[in-house]
Amino acid sequence: MTVKNDYKLVLDFYDWWCQRRDPSIEVRCIVVHIAAAQKDARTVHRLIHDFWARPGVDVTVSFSQFLEKLIYIYKDWGSNPFVFDIFFQVLVELGILDYGRKLFDKMLHYGLVLSVSSCNLFLSRLSHEIEGHKMMLKVFNEFSEVGVCWDNESHNIMIHSLCRIGKVKEAHNLLLQMELRGCMPDVVSYSTVINGYCATGQLEPVLKIIEEMQVKGLKPNAFTFNSIILLLSKTGKVLDAEKILTEMTSQGIAPDNVVYTTLIDGFCKTGNISAAYRLFNEMLCFNITPDLITYTALISGLCQTGNIAEADKLLNAMLGRGLEPDEFIYTTLIDGYCKAGEIRAAFALHNKMVQIQLVPNIVTYTTLVDGLCKLGELDTANELLHEMCGKGLELNIYTYNSLVNGLCKAGDIKQAVKLMEDMEAAGIHPDAFTYTTLMDAYCKFGEMSKAHGLLHQMLLREIQPTIVTFNVLMNGFCMSGMLEEGDKLLKWMLEKCIMPNATTYNSLMKQYSVRNDMRMTSEIYQGMLGQGVVPNANTFNILIRGHCKARNMKEAWFLHKEMVKRGFTPTLDTYHALIKGFLKRKKYSEAKEMFEEMRRDGLLADKELYSIFADMNYDQGNFDLALELCDEAVEKCVAVETDNRNA
């Protein structure tokens, strides 16, 4: 008591004492109070932390003893309430949360409300505990009722926690309530809610929040922009995501590697490789270093679009930068080579993987097996399977499906069925792809009853058929001339709320058109539109050729206009059908218009049409055009015939 005002002497004496014996709780608490009176928060924290961090401390007994001494000597040794704040913080930091709450309640009993910064620490720690979010909500409501004035940080902690557990609407409501509680939401508050909505794929509320921010003069930060770009890219709206990137840079916020990689991956997944490369080059211009994920996205995109040579160049560029490709990149390239039919190159990459001690996984081998099966090399595929099993890899559904597909393509349906039975014996259940592959094989061999039986089997096993499954069956019925069964299948699909697509309707329309039943063809087309199914290029080609064959040139002309309006290009056969149909009806101007359109589209007319239009122009005195058509006919038609003979 005599030397308490000589702070250095107190600490020196305490350290001397500690070297000789363990200080009692009372001694430690006295020094804590003296340090608090000197506003030495670091020493206060260390003294309390050292006591509670001791191994094997009995919290139940020690809490009562420590708090009792701290309160008992409070007035005589310092009277600084901040001591209790630091005690509370230590308990929270060490995860002794139940006793932290007891301390809060005890201090409240003495009329002392702990600081908001200490309470924020408590909230933050609770947010990382299992089921801690439930306690957080309780603490947030109860503490405010007893005098804790929550600040911006408190609200942001709560908003972040709610978003993390998927309660984004509740987080948004809390954001809206902040102003009513005397707190102004900041960029962090808004960005956290935006990120929450982005994580759940909700774009509309994100756009509204950005508008609110702009009204309040708040600018989105890099975190906000990153979240929006990621959401738009994931939902396929990559062009919109790129607009956000432009907005981001215009506000002086520099995008990082993650933003560029997200956009590159988005463009690659939509097949827009040129846009992905443009962004990749932009990264390099801004000295933003592409990482393994960036290269992986580009290589995957190139392989998906069949540009395997460019993907291989990119791999070498990546190696030149000192980046080591992983199993995923090698497997992606192997898959690209397999799809391009370059099995030797695929196996060369496999061997390279092994050389650099990368272990090919089940996906790598399945890709190779699939490539071999597609080329009909089933014996080699089986050898590879034995190698897989020898390495302890278990065949999965994709491996079996590749083999089933290979056997079906080779016409060995019996062996494919046996393999499906072997799958089940191995505990791997066939999926929709397995059944659809077999169904397609049966359809191609005209065994429609067996194909239809597989659909019943799928439904009994509660395996959900895909639209491809139904389209395979529909095409089988139509190619076998079983149009009534095709009509029944379509009706059944609609009754079961299974939405057909354009391919489903096209199969039926094509066969009715082949039978010259344009009334029924038109009915199916109208039914398709009535169901909200959007026609594709093949739909229009089927309808136009059918109407031309039936000499319904008015309908064919209208459909052609509609087709072009939708951005589709007629096929060569469709142009030929239109031109010859108009010529038979002596509608020469329409025929000529179609002929010129076909040439503009770069499609090659046959010799008969070149002769007709060369003669027509000659008779009309258009000698230059007549000669041009003659030269074009000789150049193109003769060249094609020569190529065909050489082939």
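A pocket here is an open set of points on a 1 Å grid over the protein atoms alone, with protein on both sides within 12 Å along at least five of seven lines; its lining residues have an atom within 4 Å of a point. Its volume is the space filled by probe spheres set on the points, which are joined across faces, edges and corners.

The model is predicted: local features need pLDDT of at least 70, side-chain atom pairs count only at pLDDT 80 or more, and totals for chains, interfaces and linings use all residues. Residues are numbered from 1 along each chain as its sequence is written, and side-chain values use heavy atoms, leaving out hydrogens and water.

**Pocket.** The largest pocket has a volume of about 730 Å³. Its lining counts 28 residues; Phe328, Asp335, Lys339, Val363 and Thr367 lie nearest the centre. Helices are DSSP runs (H or I, at least four residues), numbered from the N terminus. At least two lining residues come from each of α16 (257–269), α18 (292–304), α20 (327–339), α22 (362–374) and α24 (397–409). The largest share, seven residues, belongs to α18.

**Core.** A nonpolar core joins buried Ala, Val, Leu, Ile, Met, Phe, Trp, Tyr and Cys residues through side-chain atoms within 4.5 Å. Buried means under 20% relative accessible area, exposed over 50%, and partly exposed in between (1.4 Å probe, protein chains only). The largest core holds 196 residues, and Trp52 and Phe87 touch the most other members.

**Aromatic rings.** Rings of Phe, Tyr and Trp (its six-membered ring) pair if their centres lie within 6.5 Å; planes under 30 degrees apart count as stacked, over 60 as edge-to-face and the rest as tilted. The whole structure has 20 such pairs. Phe13 and Trp17 form an edge-to-face pair, 6.5 Å centre to centre with 65 degrees between the planes. They sit four residues apart in α1 (residues 7–20), so about one helical turn separates them. Phe51 and Phe66 have centres 5.0 Å apart and planes at 35 degrees, so this pair is tilted. Phe51 lies in α3 (residues 41–52) and Phe66 in α4 (residues 59–72), 15 residues apart.

| Residue | Relative accessible area | Class |
|---|---|---|
| Phe13 | 45% | partly exposed |
| Trp17 | 30% | partly exposed |
| Phe51 | 5% | buried |
| Phe66 | 0% | buried |

Ring pairs also link Phe51, Trp52, Phe63, Phe66, Phe87 and Tyr99 into a cluster.

Note on methods:
On a 1 Å grid over the protein atoms alone, a cavity is a set of points where a 1.4 Å probe fits but cannot get out, and a pocket is an open set with protein on both sides within 12 Å along at least five of seven lines; lining residues have an atom within 4 Å of a point.
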